Each structure stands twice: as C-alpha cells, then as structure tokens.
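Here is a friendly note to read beside the model. Please keep the 3D view open as you go through the points.

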Amino acid sequence: FFELNDLFTLAFGGVAILLIFLGIDSFDYRFWLGCGITAYGFSYFILHDIFIHRRIKRLKKPSGRYLEGITKAHRDHHKSNKREGAVSFGLLLVSQKYFKHKQAQ
C-alpha cells in the first residue's frame with residue numbers, strides 16, 4: 001500500500017507545516033511558501049495517487065483526454081528506473097504527444 005516515494009509526503013509535509021507555522025503571525029513569505037507546497041502536494045496526491053495509480057479502487061477509472069494523456073506520460077515515465085532512457089514526468093504539464101489519438105487502421 002505504501003511506496004518509497006510516500007516518504008516525500010512526510011518530508012515536504014513537515015517542511016510545509018513548519019513554514020506555515022513560522023509565517024502565520026505576519027503572513028510573510030514563509031506562510032505562502034508553505035501554502036504553495038501544500039497545494040502542490042494535494043494536487044500530486046489527487047492526480048498521481050488517486051487517478052494514475054488508483055490507490056482508491058472504488059472510484060471508477062478516470063476518463064477524458066487530459067487524464068488519459070497524463071496517464072500515458074506517467075506510464076512512459078515508469079518504463080525505466082535508470083537515468084538513460086528515462087522520460088520526464090511533469091505531473092500537470094506533459095508533452096503534447098501524449099494527447100494525440102491513434103488513427104484507426
């Protein structure tokens with residue numbers, strides 16, 4: 001159920017909480033950095049863990065051109081665990097090639 005990259009959630013979540021706590025009195029840059037890290041983490045959890053890796057199986061499989069393209073890009077990202085041949089995965093923004101539909105033969 002848990003994966004190694006879930007440790008990033010703890011690390012970045014801890015940093016976000018600390019920054020929000022340190023900046024909440026004056027709403028300075030630390031507060032807003034913490035909020036930004038939190039917003040990114042939330043979107044990562046929803047898109048990556050729920051829609052792509054389907055950690056909550058009760059939800060139906062996502063459909064739509066955007067989510068299908070993101071899922072294709074993420075599949076390519078996981079094809080290699082080496083630096084050579086690795087494909088960058090930009091989470092919300094990926095190459096247009098993943099949104100093209102195959103022509104019927």
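How many residues in the lining of the second largest pocket are nonpolar, polar and charged?

1. The lining divides into four nonpolar, one polar and five charged residues. Here Ala, Val, Leu, Ile, Met, Phe, Trp, Tyr, Cys and Pro count as nonpolar, Asp, Glu, Lys and Arg as charged, and the others, Gly among them, as polar.

2. Now find this pocket in your view: its lining includes Phe51, Pro62, Leu67 and Arg75. α3 gives the most to this lining, with five residues. The volume of the second largest pocket is about 190 Å³.

3. Next, turn to the largest pocket, with about 600 Å³ of space. Its lining has 23 residues, and Phe8, Thr9, Phe12, Tyr40 and Tyr44 lie nearest the centre. α1 (6–23), α2 (29–52) and α3 (65–77) each give two or more residues to this lining, and the largest share, nine residues, comes from α2. By class, the largest pocket is lined by 10 nonpolar, 11 polar and two charged residues.

4. A word on terms. A pocket is an open set of points on a 1 Å grid over the protein atoms alone, where a 1.4 Å probe fits, with protein on both sides within 12 Å along at least five of seven lines; lining residues have an atom within 4 Å of a point. Volume is the space filled by probe spheres set on the points, which are joined across faces, edges and corners. Helices are DSSP runs (H or I, at least four residues), numbered from the N terminus.

5. Please remember that this is a predicted model, where local features need pLDDT of at least 70, side-chain atom pairs count only at pLDDT 80 or more, and totals for chains, interfaces and linings use all residues. Residues are numbered from 1 along each chain as its sequence is written, and side-chain values use heavy atoms, with hydrogens and water left out.
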